[in-house]
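Hello,

Here is the structure I said I would pass on. My notes follow below it.

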Amino acid sequence: MTNKPADPKRLQEATSFIEQVLGEKLPSPDFYESLKTGVILCKFLNKLKPGTIKNINTRNMPFMMMENIGYYIRGCQDIGIQPEYNFMTVDLWEQKNLGQVALNIISVKRHFGFGFEKNEEKSSSNYFTTKNFQ
């Protein structure tokens, strides 16, 4: 299977939303490098829905990183993200389909009601404060 090129606009939208939710820039300008350990994805989902992912591995061991990615994917399933908007661990870990990873993040964004111009409260930068994610 060849790696599918990702739409740069989709990657940017996904990156921007993660940064908005977490309140900080991703550690690398490279989408894959920032997300490959799964830690940021787990923190991102827990910020949107606290307690979704109970255990996040912080050791940089490949099987633990893949476990984190799996925790994130299961968390997305648990909150109701439809299967066609999820991805498989290899899509991120082996960079097989980063576009699908970005689509998943955008789907999470929409699932929580963000990205729609009519929703002024959530689209304002003031929404992403600690009080909204406790």
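Just after helix 6, Gly113 has a positive phi of about 85°. The model is predicted, so local features need pLDDT of at least 70 and side-chain atom pairs count only at pLDDT 80 or more, while totals for chains, interfaces and linings use all residues. Residues are numbered from 1 along each chain as its sequence is written, and side-chain values use heavy atoms, with hydrogens and water left out.

Helix 6 covers residues 98-111; helices are DSSP runs (H or I, at least four residues) numbered from the N terminus. Twelve of its 14 residues are buried, so helix 6 is largely enclosed by the rest of the structure. Buried means under 20% relative accessible area, exposed over 50%, and partly exposed in between (1.4 Å probe, protein chains only). The cover over the buried residues includes helix 1, helix 2, helix 3, helix 4 and helix 5.

Asp91 lies in helix 5 and is buried at 6% relative accessibility. Beyond its neighbours within four places in sequence, Asp91 is in contact (heavy atoms within 4.5 Å) with Lys96, Asn97, Leu98, Gln100 and Val101.

There are five salt bridges, each a side-chain nitrogen of Lys or Arg within 4 Å of a carboxyl oxygen of Asp or Glu. One of them joins Glu13 and Arg110 at 3.3 Å, N to O. This pair links distant parts of the chain, helix 1 and helix 6, 97 residues apart. Glu13 is partly exposed at 26%, and Arg110 is partly exposed at 36%. Another salt bridge pairs Lys25 with Glu19 at 3.7 Å, N to O; Lys25 is exposed at 65%, whereas Glu19 is buried at 16%.

Regards

How values were computed:
Helix = DSSP H or I, 4+ residues; strand = E, 2+ residues; numbered from the N terminus. Expected span 1.5 Å × (residues − 1).
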